[in-house]
Structures are given as structure tokens and as C-alpha cells.
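Hi,

Here is the structure I said I'd pass on to you.

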Amino acid sequence: MRTLGELSTVLSDAAQSASVDKTDLAEAAGVTRVTLRRALTGSDFKVSTLFAIADKLGLEVVLVPKGAARGLAAEAQADTPQVKTRVEAALERMKKAGESE
């Protein structure tokens, strides 16, 4: 993540995935509901707020060198498997066989 907006999106997505009530999350993190809203919408907030909210959402805050971060981002975006499934391989063979006829 390179921006506050990206960080806020991760927190907001995690809160939605956990189906946690915002009031309960704010209380558990020890912040006000206004502070929580600021953190989840991309407004500036304290690092201590980040740690508290991330902890209650089951997230870990980790700093890594930029080169490693690029690799992690690429890995996270890899939706398609690198190895074809048996079905994909069979369909590909069938397609190639149909083209050669």
C-alpha cells in the first residue's frame, strides 16, 4: 500500500468481511466512532489508531522493503493458477485437435 486511501480500503474491506458492527469495532479498538469512520474513509489518523483497529480486525501491520512489497502485491493479484487443471488441459487439447481437422 502506498496511500492512506489504500490503507483505509483494506481496513474497510476487513470490517465488512467480518460483518462487525462499527460501534462495536470502535469500542473494542478503544476509539470513537468518528475516529473509526475517519480511518475507514481515508481521512488522516494516528498510527496508534491503525494498530488498534487492525488488531481488532485480525490484521497485522507489517513494514517491508519496497522491492518485497511489489512482489507481494503481484502475488496477491495472481488470480489465475500457474498450472492448468486437468479439465483446462483437456479442453485445450480438444480445441487444438478441432483446429487441426
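Let's start with Lys96: its relative accessibility is 52%, so Lys96 counts as exposed. The cut-offs behind that word are simple: buried is under 20% relative accessible area, exposed is over 50%, and partly exposed is in between, with a 1.4 Å probe and protein chains only as cover.

Before you go further, a word on where the values come from. This is a predicted model, in which local features need pLDDT of at least 70 and side-chain atom pairs count only at pLDDT 80 or more, while totals for chains, interfaces and linings use all residues. Residues are numbered from 1 along each chain as its sequence is written, and side-chain values use heavy atoms, with hydrogens and water left out.

Back to Lys96, which has a partner. Glu92 makes a salt bridge with Lys96, and their closest N and O atoms are 3.7 Å apart. (A salt bridge here is a side-chain nitrogen of Lys or Arg within 4 Å of a carboxyl oxygen of Asp or Glu.) Side chains of opposite charge can pair when their charged atoms come close. Both Glu92 and Lys96 sit in helix α6, four residues apart, or about one turn of the helix. Glu92 has a relative accessible area of 32%, so Glu92 is partly exposed.

How many salt bridges does the rule give? The count is two. The other pair to look at is Lys56 and Asp55, whose side chains meet at 3.7 Å, N to O. Lys56 is partly exposed at 44% relative accessibility, and Asp55 is partly exposed too, at 49%.

Now the overall layout. The chain has six helices and zero strands; helices (H or I, at least four residues) and strands (E, at least two) are DSSP runs, numbered from the N terminus. Reading from that end, the order is α-α-α-α-α-α. Of the chain's 101 residues, 19% count as buried. The chain exposes about 7900 Å², with carbon and sulfur atoms supplying 54% of that area. These areas come from the Shrake-Rupley method with a 1.4 Å probe, and for residues only the protein chains shown count as cover. Among contacts (heavy atoms within 4.5 Å) with a separation of 6 or more, 56% are between residues 24 or more positions apart.

Helix α6 covers residues 86-100, which makes 15 residues. From its first C-alpha to its last, α6 reaches 21 Å, close to the 21 Å expected at 1.5 Å a residue. (The expected span is 1.5 Å times one less than the number of residues.) Is α6 buried or in the open? None of its 15 residues is buried, so α6 lies largely in the open.

Next, the inside. In soluble globular proteins, nonpolar side chains tend to be buried together. A nonpolar core is a set of buried Ala, Val, Leu, Ile, Met, Phe, Trp, Tyr and Cys residues joined through side-chain atoms within 4.5 Å. Which members of the largest core touch the most others? Of its 16 residues, they are Leu11, Leu36, Ile53 and Leu57. Helices α1, α2 (22-29), α3 (33-41) and α4 (47-56) each supply at least two residues of this core, and α4 gives the most, with four. Leaving aside neighbours within four places in sequence, the contacts of Leu11 include Phe45, Leu50, Ile53 and Leu57.

Helix α4 also holds Thr49, which is buried at 7% relative accessibility.

Met1 lies in the segment before α1 (4-17) and is exposed at 65% relative accessible area. Beyond four places in sequence, Met1 touches Glu6, Leu7 and Val10. Met1 and Arg70 are 69 residues apart in sequence but 9.4 Å apart in space, C-alpha to C-alpha. Met1, Val10 and Leu59 make a nonpolar surface patch of about 270 Å². (Patch residues have over 30% relative accessible area and no salt bridge; like charges are joined within 9 Å, nonpolar side chains (Val, Leu, Ile, Met, Phe, Trp, Tyr) within 5 Å.)

Then there's Ser19, in the loop between α1 and α2. Its phi is near 50°, a positive value in a residue other than glycine. Ser19 is exposed, with a relative accessible area of 65%.

Cheers

Terms used
Expected span 1.5 Å × (residues − 1).
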